[in-house]
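User: I have a structure open and would like to talk through some of its local details with you. Could you go over it with me, one spot at a time?

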Amino acid sequence: MAPTGEQHLLSTEIVNRGIESAGPDAGSMTFSVRVRRRLPDFVQSVNLKYVKLGYHYLINHAIYLATVPVLVLVFGAEIGSLSREELWRKLWDSTAGYDLATVLAFFAVSVFTLSVYFMSRPRSIYLIDFACFKPTDDLKVTKEEFIELARKSGKFDEASLEFQKKILQSSGIGDETYVPKAIMSPDNITTMKEGRAEASMVIFGALDELFKKTRVRPKDVGVLVVNCSIFNPTPSLSAMIINHYKMRGNILSFNLGGMGCSAGIIAVDLARDMLQANPNNVAVVVSTEMVGYNWYPGRDRSMLIPNCYIRMGCSAVLLSNRGRDYPRAKYRLEHIVRTHKGADDRYFRSVYQEEDEQRFKGLKISKDLVEIGGDALKTNITTLGPLVLPLSEQLLFFATLVKRYFSGSKGKGTNAAKKADTLAPSSSGTKPYIPDYKLAFEHFCVHAASKTVVNELQRNLGLSDANVEPSRATLHRFGNTSSSSIWYELAYLEAKGRIKRGDRIWQLSFGSGFKCNSAVWKSVRSIKKPSSNNPWLDCLDRYPFEALS
């Protein structure tokens, strides 16, 4: 029985198990009650230190927004009260007393100050284009074919197969996802040879398309960042790419491993830092995961879950800090907010690679993963809020926090000080104000982890079906492609023709560690027509449909 304080996190549903075939109830319909743990209602409890952190970011990067308008108003009022003749007379009278050397020195200092300002300010990072790999049709499987392939491999008993079948039925995954052929082999497929073969297929497929779309030569790339959580060979995947495309010798290359489904945004953040330090450059970010190398052939149910969700996929993104690339760029990077909860052992072990009792290696998924992800998400969006929410939403949110803080602190004595940082629902009954993130963003690319996770995120953030449509469609069509899923979702929005100039896109992902990361992009032009290699073109007319929700 769940503790009283956790009962609000549980939800129930009645499941029809069909007609009983044997026993005293043979021939009659049977039902069971399934209890699920929901995401915590994180908008009901806000940690003040993360609110402070968000405002700290806002002040550091936008203080000029508060001072420049005031200066412009004061200067405009002063100039507006003078006629043209009075203005020239005042300028002449104020400068007549200075000699030429003083005027030239003042002019030189002004030019120097402006030069330092423009040279030291952060460079704008543009997304020129991106590509999502689409495997060939011979790798496409339905849910039934997936179970049959697993059965033919001879690695699973009937109980394990039945468990995977039940997971698939409620996963939100459709019948056109992609898996490598090696999973049906009775031999060990978690080998370096199989891993490299799959990596070459998906990575080179995505990069070939990216270089073709952008007309950028591989030797022009100055920064390369590759992220793949499980498969990390020597030489690295980034070295494999450099070797294949014969890239230049002074390229700055990085290979990120073990960082889960949130590593795509981490890779973009690293590429941004490198572009800030290296002017007049372009960067390529590759995000992927190897399905075959991550295949678990054992019986531990917590390790069988990744088998059911993770599917083949890869994204390649081209970033630039060159001003001349602005006319052909699609998006400008606005913000990246990263949250890491790994200091807590419970979070650290929520997604954990280890061997089972049979010495089979796999990813062990904690039963508390949904709750852990919700808490990490709460921290992330609380920090992100002050950077993106309109002033009206911030004022309402802050006023509610202050009201609940003071009403909850009355009469609590010393205990109030201990809880000053965390604002849980107060005894006064003050309802917390939930910021409307739909006012901050036009589009949402939420990591397509599972149907349950997407549904709970929609409920907690107050999003509409249209807001989470890209996530549900991606999960149904391509499955959970790990760190690349947010790019398949953005490709869906482009294919639908929904990206307009000035639109803001929120990419949200989370992964092992435990991490939750956000990236905010702003469209610099309308995307009227998708590229010819958009992965959604052959199935776009089938989405959305009612079965997704």
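User: Let me start with Q458: does it count as buried or exposed?

Analyst: Bearing in mind that this is a predicted model, Q458 has a relative accessibility of 12% and counts as buried, because the limit for that class is under 20%. Q458 belongs to helix α15, which covers residues 451-461.

User: OK, and which residues does Q458 touch, leaving out those up to four places away in sequence?

Analyst: Apart from those sequence neighbours, Q458 touches L463, S464, D465, V468 and R472. With D465 there is also a polar contact between the two side chains, at 2.8 Å.

User: Switching to the hydrophobic side, how many residues are in the largest nonpolar core?

Analyst: The largest nonpolar core has 86 residues, and those with the most contacts inside it are I203, L207, I241, V286, L319, W487 and W536. Taking I241 as an example, and not counting residues up to four places away in sequence, it touches I203, F204, L207, L224, V226, M247 and V286. There is also a second, separate core of 28 residues, which includes F444, V446, L463 and L508. L463, in that second core, is also one of the residues that Q458 touches.

User: What about nonpolar residues on the surface, which ones form a patch there?

Analyst: F398, V402 and F406 form a nonpolar surface patch, and together they have about 290 Å² of accessible area. F406 lies in helix α13, residues 391-409, and counts as exposed because its relative accessible area of 51% falls in the class over 50%.

User: Where do R359 and S482 sit, and is each of them buried or exposed?

Analyst: R359 is in the loop between β12 (351-355) and β13 (361-365), and with a relative accessibility of 65% it counts as exposed. S482, by contrast, is in the loop between α16 (469-478) and α17 (485-495), and it is buried, with a relative accessible area of 4%.

User: What about S483, buried or exposed?

Analyst: S483 is also found in the loop between α16 and α17, and at 2% relative accessibility it counts as buried.

User: Then what surrounds S483, leaving aside its neighbours within four places in sequence?

Analyst: With those neighbours set aside, S483 is in contact with N227, G260, C261, A263, G264, S287 and T288. The side chains of S483 and N227 are joined by a polar contact of 2.8 Å.

How values were computed
Residues numbered from 1 in each chain as written. Predicted model: local features only at pLDDT ≥ 70, side-chain atom pairs only at ≥ 80, totals over all residues. Heavy atoms only, no water. Helix = DSSP H or I, 4+ residues; strand = E, 2+ residues; numbered from the N terminus. Buried < 20%, exposed > 50% of the residue type's maximum accessible area, 1.4 Å probe, protein only. Patch = residues over 30% accessible without salt bridge, like charges linked within 9 Å, V, L, I, M, F, W, Y side chains within 5 Å. Areas by Shrake-Rupley, 256 points an atom, 1.4 Å probe, with all protein chains shown as cover. Salt bridge = Lys/Arg side-chain N within 4 Å of Asp/Glu carboxyl O. Polar contact = N/O pair within 3.5 Å; in protein donor to acceptor, adjacent residues only side chain to side chain. Contact = heavy atoms within 4.5 Å. Core = buried A, V, L, I, M, F, W, Y, C linked by side-chain atoms within 4.5 Å.
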